[in-house]
Amino acid sequence: MIVDCHGHYTTEPQALKDFRQAQIAAVKDRTALPALSALNISDDQYRESVADKQLKLQRERGTDVSIFSPRASGMGHHIGDAKVSLEWSIASNDAIHRLCTLFPNNFIGVCQLPQTTGVSPENCIGELERCVNELGFVGCNLNPDPSGGHWNAPPLTDKWWFPFYEKLCELDVPAMIHVSASCNPNFHTTGAHYINADTTAFMQLIQADLFKDFPTLKLIIPHGGGAVPYHWGRYRGLALGLKRPELDEIMRNNVFFDTCVYHLPGIELLTKLVPIDNILFASEMLGAVPGIDPRTGHNFDDTKRYIDALSLSAADKQKIFEQNARRAYPRVGAKLDQIKTAKK
């Protein structure tokens, strides 16, 4: 199977976008929030939102299923208070659940968390439990910077995060480390803020022994691990200088990078330096770079083409396309087996 571990619902029905805009306006004007119960989207609207987009591209590009979450830049954890964030997360996660229910062979859910600047991540546990235990989701997106580009939260290795990690381990689900939109004009959301966060998260993991406390915790660092593969020698040297293990030992059973790297040389470098067992196939379709590369005539985010072109063994490609996803997302295996059976 070809499992795309990084997809976002960027083609939401207009009613969901309108609800969010009404929320933001209410926060700005200090008026009553729109009622979550008033949000009404039909099954046909959900079907239409993906019919000629994600579903069409899955068929054309030869991928089977997307591990799918709400629009990352839309999480907006810096907007409003904890109540605003919770209601927006519920609305967003319910939309993912509806889509997964309508297309169970195409989408598997990952949830947005109701994070809020300055509020403990422990506050997110209830929504995580709802999404995993009631909606059947297999993971979550964890924002290391709820401030939206001002970085005033403790490092990911700080005990501030530990109650949430304990719940992740209890539920046996991973977290993709994924920031939301940047409200700091110094950092373009997808071109700078995302890559900064990926790189920052990995450096934080180098600096502390988080997995000694949480040996079963699994974290996915998207966008190819940010700058890490390109500067592998820098981070390896820093790790050894800090008397820490080799990078592949730090990653081993706990840290995974994905293939949201939008050119073949970048993917080649990723697979030469990062252990194959720690690489997950992903495209972020439809997401950060949806355009066509004029040099190749193909979409930048058609990342399966890059994996197909690599001089890797069939077994290694199978790890990237499917087997590693089963390791990183322990709850996904049963769902993939059901999808395989349904598609026979």
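**View 1. The second largest pocket of this predicted model holds about 240 Å³ of space.** We're looking at a predicted model, where local features need pLDDT of at least 70, side-chain atom pairs count only at pLDDT 80 or more, and totals for chains, interfaces and linings use all residues. Residues are numbered from 1 along each chain as its sequence is written, and side-chain values use heavy atoms, with hydrogens and water left out. A pocket here is an open set of points on a 1 Å grid over the protein atoms alone, where a 1.4 Å probe fits, with protein on both sides within 12 Å along at least five of seven lines; points are joined across faces, edges and corners, and the volume is the space filled by probe spheres set on them. Lining residues have an atom within 4 Å of a point. There are 21 of them in this pocket, and Glu12, Arg20, Arg71, Gly74 and Trp88 sit nearest its centre. Helix H1 (14-29) and helix H4 (82-102) are the elements giving two or more residues to this lining, and H1 gives the most, with five. Helices (H or I, at least four residues) and strands (E, at least two) are DSSP runs, numbered from the N terminus.

**View 2. What lines the largest pocket, at about 360 Å³?** Its lining has 20 residues, with Ile195, His223, Cys260, Val261 and Tyr262 nearest the centre. Two or more residues come from each of helix H7 (189-207) and helix H11 (264-273), and H7 gives the most, with four. By residue class, the lining splits into 12 nonpolar, seven polar and one charged. (Nonpolar is Ala, Val, Leu, Ile, Met, Phe, Trp, Tyr, Cys and Pro; charged is Asp, Glu, Lys and Arg; the others, Gly among them, are polar.)

**View 3. Three strands make an open, parallel sheet in the order S1-S2-S3.** Two strands pair if DSSP finds at least two bridges between them. Strand S1 (3-9) and strand S3 (107-109) are the edges, each with a single partner strand, so one side of each has no neighbour in the sheet. From one strand to the next, the twist averages 35 degrees; axes are lines fitted to C-alpha atoms, for helices over the stretch in contact, and angles run from 0 to 180 degrees between N-to-C directions.

**View 4. Strand S2 (residues 65-70) meets S3 in the parallel sense over three bridges.** Zoom in and you'll find Ile67 opposite Ile108 in S3. Helix H14 (residues 332-343) packs on the sheet and touches S1, S2 and S3, where contact means heavy atoms within 4.5 Å. The direction of H14 makes about 160 degrees with that of S3.
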